Amino acid sequence: MSSVLIKGGRVITAADDYVGDVFVENERISLIGESLSDTVEADRVIDAAGKYVLPGGIDPHTHLDMPFGGTVTVDDVESGQTAAAFGGTTCHVDFVIQPQGETFAAALDMWKEKANGKQVIDMGYHMAITDLNDGGSLEELAGLPEQGVTSYKLFMAYKGALMVDDETLFRSMQVAADSGALVMVHAENGDAIDVLVKEALAAGHTEPHWHALTRPPETEGEATNRAIQLARVAGAPLYVVHVSCREAVEPIALAREKGWDIHGETCTQYFFIDYTHLEQPNFEGAKYVYTPPPRDKANQDVLWNAVRTDVLSAISTDHCAFLWDGQKTLGRDDFSKIPNGGPGLENRLHMIHEFGVRAGRISLNRMVELLSTNPAKLFGLYPRKGTIAVGSDADIVVFDPERKHTITAAGHHSKIDYNLYEGTEVTGTPEVVLLRGQVLVEGDELVASPGVGQFVARAKFGEELKAETAMA
Ligand code: URP
Ligand code: ZN
Ligand code: ZN
């Protein structure tokens with residue numbers, strides 16, 4: 001097994017910021033110190049002077065190769081994870097969607113099959129529960145954490161597709177309270193939205209911006225509060241995904257102030273894309289049809305404030321990519337048929353570093369916490385992942401804070417035909433990305449071959465994933 005010495009970089013974790021050398025052996029960080037080249041001999045030396053040495057990004061919310069909206073997301077495990085690697089993300093947690101009528105075991109097998117041989121980075125799975133009547137049972141659900149699937153996801157929206165009723169939500173929370181899983185919710189009131197969508201279509205409103213007009217922020221606020229209160233009754237920890245607006249931030253802020261076990265994430269796009277993007281002519285607005293929808297711009301400051309003050313604990317991408325030409329166009333004559341989802345796996349670090357850190361909204365330590373350490377802690381990956389420490393996996397990004405980079409769809413490694421941040425110029429980009437000590441990306445090149453990534457059996461909520469834990 002080869003060894004790597006990363007020399008003289010500015011090592012930044014959620015808590016620390018110092019210049020030092022990091023020595024990697026057998027996939028793990030084995031030594032951190034000063035002038036290590038005097039004491040160790042490495043197969044490869046990476047000069048990181050003037051660069052940041054960051055723990056690999058962890059994206060807790062992605063949808064690769066997922067059937068949804070009458071089609072399948074365009075990025076499979078290989079293309080999605082390649083894009084992730086170029087963006088400094090070395091681990092993600094993807095959603096297994098339980099097909100109705102199928103057991104959780106069958107669903108998990110299907111998703112593992114999709115990943116087989118294609119993995120570029122490490123990954124875990126959340127289980128999205130759609131059916132506790134004819135498919136999965138509460139008993140089977142209770143057994144998932146023992147298999148390293150330690151989070152359950154429930155959709156409170158997408159009526160007639162993924163949405164569950166409150167009984168299913170509540171029973172799943174009760175199981176989670178005992179099994180050690182974290183409950184995740186997509187919080188929107190699906191029933192009210194369904195009425196609004198039908199009314200809009202009946203009135204002849206078919207354009208993309210009606211996606212937002214039929215999903216007002218109050219429907220997100222109501223569902224967020226409902227999920228919080230139900231989680232309290234069940235005694236389960238709760239994580240609210242893709243928080244987009246003040247109406248959802250406020251109940252989470254209140255819950256955290258009271259010390260309840262409530263956590264929330266937002267996604268990169270909510271800081272940059274607003275409602276007006278949906279109004280772009282010639283069906284361009286469909287590029288921004290994801291859920292919850294882009295909100296009025298005033299919410300962007302609310303979200304920056306929430307991630308700065310730890311009301312929201314993580315920033316994910318909710319990468320759920322559909323081609324504009326051929327997939328989004330399924331809804332050319334009916335906004336409700338536009339597949340919901342947007343891309344983003346490659347640009348989370350670029351965008352948050354530029355407009356979060358460089359713009360003075362958050363510190364470098366907080367950026368690391370939001371993009372890596374907190375997702376690792378919340379989803380049972382820490383301290384094996386999410387930090388730079390002796391014994392941790394050597395998932396490391398050598399980041400050049402001076403190098404300029406223009407974000408374009410053309411220069412993208414995803415299969416998507418557009419980019420939400422098209423033309424944005426940033427200063428700062430990953431230069432070398434390592435996965436368990438192996439160089440994945442060097443400059444503009446993918447160095448490793450698909451197959452290097454592994455499934456990670458995650459620890460239960462609140463427990464640590466030890467370095468010795470075997471990978472399946
Ligand atoms: O529009 C979105 N967010 N698509 C992915 C599914 C979900 O709701 O997370
Ligand atoms: Zn969702
Ligand atoms: Zn999602």
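Q: Which element gives the most to the lining of the second largest pocket?

A: This is a predicted model. Here β16 gives the most to that lining, with three residues. Both β16 (396-406) and β17 (425-435) supply at least two residues each.

Q: How many residues line the second largest pocket, and which lie nearest its centre?

A: The lining comprises 16 residues, and those nearest the centre are Glu346, His405, Gly411, His413 and Asp444. The volume of this pocket is about 220 Å³.

Q: What is the volume of the largest pocket, and which residues lie nearest its centre?

A: The largest pocket has a volume of about 590 Å³. Its lining consists of 26 residues, with Tyr158, Lys159, Ala161, Ser336 and Asn340 nearest the centre. Two or more lining residues come from each of β7 (67-68), α2 (104-115) and α5 (190-202). Of the elements, α5 gives the most, with four residues. By class, this lining holds 15 nonpolar, seven polar and four charged residues.

Q: Turning to the metals, which residues coordinate the zinc ion (ligand 3)?

A: The donors are His61 (NE2), His63 (NE2) and Asp318 (OD), at 1.9 to 2.1 Å. Their spacing in sequence is H-x1-H-x254-D.

Q: Why is the arrangement around the zinc ion (ligand 3) called tetrahedral?

A: Four donors count as tetrahedral if all angles lie between 85 and 135 degrees. The four donor atoms around the zinc ion (ligand 3) subtend angles of 87 to 130°, so the arrangement is tetrahedral.

Q: Is His61 buried or exposed, and what of His63?

A: Buried means under 20% relative accessible area. His61 is buried because its relative accessible area is 0%, and His63 is buried with a value of 5%.

Q: Which protein donors does the zinc ion (ligand 2) have?

A: They are His186 (ND1) and His242 (NE2), which lie 2.0 to 2.1 Å from the zinc ion (ligand 2). This pair links distant parts of the chain, 56 residues apart: His186 is in strand β12 (residues 182-186), and His242 is in the loop between β13 (238-240) and α8 (246-257). Both His186 and His242 are buried.

Q: What angles are found among the donor atoms of the zinc ion (ligand 2)?

A: The four donor atoms give angles of 57 to 153°, and the site is irregular. The zinc ion (ligand 2) and the zinc ion (ligand 3) are separated by 4.0 Å.

Technical notes:
Residues numbered from 1 in each chain as written. Chains lettered and ligands numbered in written order. Predicted model: local features only at pLDDT ≥ 70, side-chain atom pairs only at ≥ 80, totals over all residues. Heavy atoms only, no water. 1 Å grid on protein atoms, 1.4 Å probe; cavity = no way out; pocket = protein on both sides within 12 Å on 5 of 7 lines; lining within 4 Å. Points joined across faces, edges and corners; volume = space filled by probe spheres on them. Nonpolar A, V, L, I, M, F, W, Y, C, P; charged D, E, K, R; others polar. Donors = N, O, S within 2.8 Å, 3.2 Å for Na, K, Ca; no water. Tetrahedral: all angles 85-135°; square planar, octahedral: opposite > 155°, others 65-115°. Buried < 20%, exposed > 50% of the residue type's maximum accessible area, 1.4 Å probe, protein only.
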